[in-house]
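Here are a few friendly notes to read with the model open beside you.

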Amino acid sequence: MRLQPLRAAGALPILVAGALVSLLAALRFGSVEVDTGALLGAMLELVRGANDSSLAGTVLALRLPRALTGMAVGGLLALSGALLQALLRNPLADPYVLGVSGGASCAAMLAIALGAGAVGIALFAAGGACSALVLLFVLAHRTLLGHEAPLEPGRDSAVLLTGVMIASLCAAGLSLALSLAPDGRLRTMVFWLLGDLSAAVHLGLAAPALLAWALLLALGLRDAAALNLLLGGEMQAYTQGVATARLRRRLIALTAVATGAAVALAGAIGFVGFVAPHLVRYFVGSDQRVVLPAASLLGAVLVVLADTIGRCLAAPLQLPVGALTALVGVPVFLWQLQRA
Amino acid sequence: MTAALLATRNLDVRFGERWLVRALDLEICAGERWALVGPNGAGKTTLLHTLAGVRAGDGGSIELAGRDLRSWSVEQLAGLRALVADRWFDPFATPVLGTVLAARYRLRAGASRSARGALVGEEALARKCLAEMDCEALAQRDVRQLSRGERQRVALAAGLAQEAPLMLLDEPISHQDPRHQIQVLQRLAGRANRTYLAALHDINAAARFATHALLLAGDGSWYAGTSQRALTRERLSALFGTEITQLEVDSHRVFVSTGGISP
């Protein structure tokens, strides 16, 4: 393992290019294939604000919001995963595995049952993610509460097990809701269990989602240097000048909002938050100043590609993106568990 | 008379129900090298953590650089004292040089976005600290692949890179071979204007390194004094509960355990 600043710096432009290519692929492929030239033309029309009724224009209007939402969701989930892995100093951490997504899903379902609108659902989802995270830190890490002086890091397997239990609890809540729900509501509820982008058809929702992603990533980046020190243990980071308790609280809140936003947009998509930081660290090392943006970009690419494949595999049927990310994520997770 | 860099007044340290240190009055002045000596579980690590401000004391007060320890901010503290623990957490692959550079966080925090020249300066300083601890060749290695002895010297190098006048060291040579034990302590002692408080299990290393010693018995009692006065046959025999004989080899004091275990 050698320090490779060039490779680390080169990763970001490559990932930005990858994001653009995956976006183009998402627009081109599906039940109907559109060629690139027509797509670009339709995009120009869209930018001009003209009402485009061509095939390319129609396809673009359907696929662009979905692809952009997918990018934001993947970016948010991977950011959450990278932050959780650094905060818990555990390479197996992931918002889905640790029950953070589950908490958000449960709360979102509750919001639906209470008849809340889109904003209410999003707020509930963020609240649910936050509750699950706080529960996780209080139970397993015992370092969330109050005082500045950091305790020794807890047993890392305990953190993971606690998270898995929280996830199971949330899954039980969701199953109960599913079995009690009227048949007509079943399909929308499965959405919260598996993760699905088929509801993302509004550009008006995709734009703020992208904005939220950029904002949360920028906030995370401000703490990336301090996070690097936290990797060496709470006590060491504290003696090296990091106000660890404040940093931890800030990043937990950030992670909760990011996961909550992602779940509110697309349900509980699993394993993106786990796989993306792993792949990134493998190539660029563990400097969080590079890992956070690179993992976030890779997460965006992964979700957009997984969703595109889901739309193509059984076209015109659409497979939920969460099923596809789990198909890739679970083997990677097990492989990593063997190595850990 | 110079003011003490670190001073405690009536400091109590407790671990659960057990009193480790009672009413400790300690004055460590700039340039002094203190050895912290005592049997297993006497509270050496807990006292170091308390003096570093990582945990609160259980009574009394601690003054660092003339002010109450709690009145300094986390960032200011990092500029005043470094703590080198004897346990490390390396969850992800990280190059050695990166962990040493990270210790400079406090010094970089205030600076604007570093110019390239400043970055090169940082790296040169990190490499110098690594060289001092005889691990310059490890700079590009992954910390997780080092031996415990190597990892310990890298941690010491990171502690040096923090450039704090007071260094609190927890068993700094516990994983070192005989050559590195001497080398590490000699190089630390050779640094100008550095003050040390080091928990040491090896009495002979303590006798060679330290100007002063703080003996902790583990029942709350303690003795602080110059190395000559504190590290004696009588005190050490009583402290460890076994007969310890003092010899003289090449004008160095050498302690050998010769007794059985007193009941």
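1. Start with helix α3 (residues 55-87) and helix α8 (residues 203-222) of chain A, whose axes lie 8 Å apart and pack at an angle of about 25°. α3(A) and α8(A) are therefore roughly parallel to each other; angles under 35 degrees count as roughly parallel, over 145 as roughly antiparallel, 65 to 115 as roughly perpendicular and the rest as oblique. Axes here are lines fitted to C-alpha atoms, for helices over the stretch in contact, and the angles run from 0 to 180 degrees between N-to-C directions. Helices (H or I, at least four residues) and strands (E, at least two) are DSSP runs, numbered from the N terminus.

2. A word on the source: this is a predicted model, in which local features need pLDDT of at least 70 and side-chain atom pairs count only at pLDDT 80 or more, while totals for chains, interfaces and linings use all residues. Residues are numbered from 1 along each chain as its sequence is written, and chains are lettered from A and ligands numbered from 1 in the order in which they are written.

3. Which way does α3(A) pass α8(A), left-handed or right-handed? The crossing is left-handed, meaning that the near helix is turned anticlockwise from the far one by less than a right angle, with clockwise giving right-handed. Among the residues that meet are A:Leu68, A:Ala72 and A:Gly75 in α3(A), and A:Ala209, A:Trp213 and A:Leu216 in α8(A). Two residues are in contact if their C-beta atoms, placed from the backbone, lie within 7 Å. The contact of α3(A) with α8(A) has 17 nonpolar, three polar and no charged residues. Ala, Val, Leu, Ile, Met, Phe, Trp, Tyr, Cys and Pro count as nonpolar, Asp, Glu, Lys and Arg as charged, and the others, Gly among them, as polar.

4. α3(A) also meets helix α13 (residues 288-313) of chain A: their axes come within 7 Å and cross at roughly 140°. That makes α3(A) oblique to α13(A). Here the crossing is right-handed, and the contact holds 17 nonpolar, six polar and one charged residues.

5. Now look at helix α4 (residues 100-113) and helix α7 (residues 186-194) of chain A, with axes that come within 9 Å and cross at roughly 160°. α4(A) and α7(A) are therefore roughly antiparallel to each other, and their crossing is right-handed. A:Ser105, A:Ala108 and A:Met109 of α4(A) make the contact with A:Met189, A:Trp192 and A:Leu193 of α7(A). Five of these residues are nonpolar, one is polar and none is charged.

6. Between the chains, 28 residues of chain A are in contact with 28 residues of chain B. On the chain A side, α9 (224-230) and α10 (234-239) are the elements that give two or more residues. That side divides into 14 nonpolar, ten polar and four charged residues.

7. Finally, chain B is assigned domain 1 (4-92 + 147-226) and domain 2 (232-263), with bounds that come from an automatic or database domain assignment. Nine residues of domain 1 of chain B are in contact with eight residues of domain 2 of chain B. Helix α8 (residues 203-209) of chain B gives the most to the domain 1 side, with four residues.
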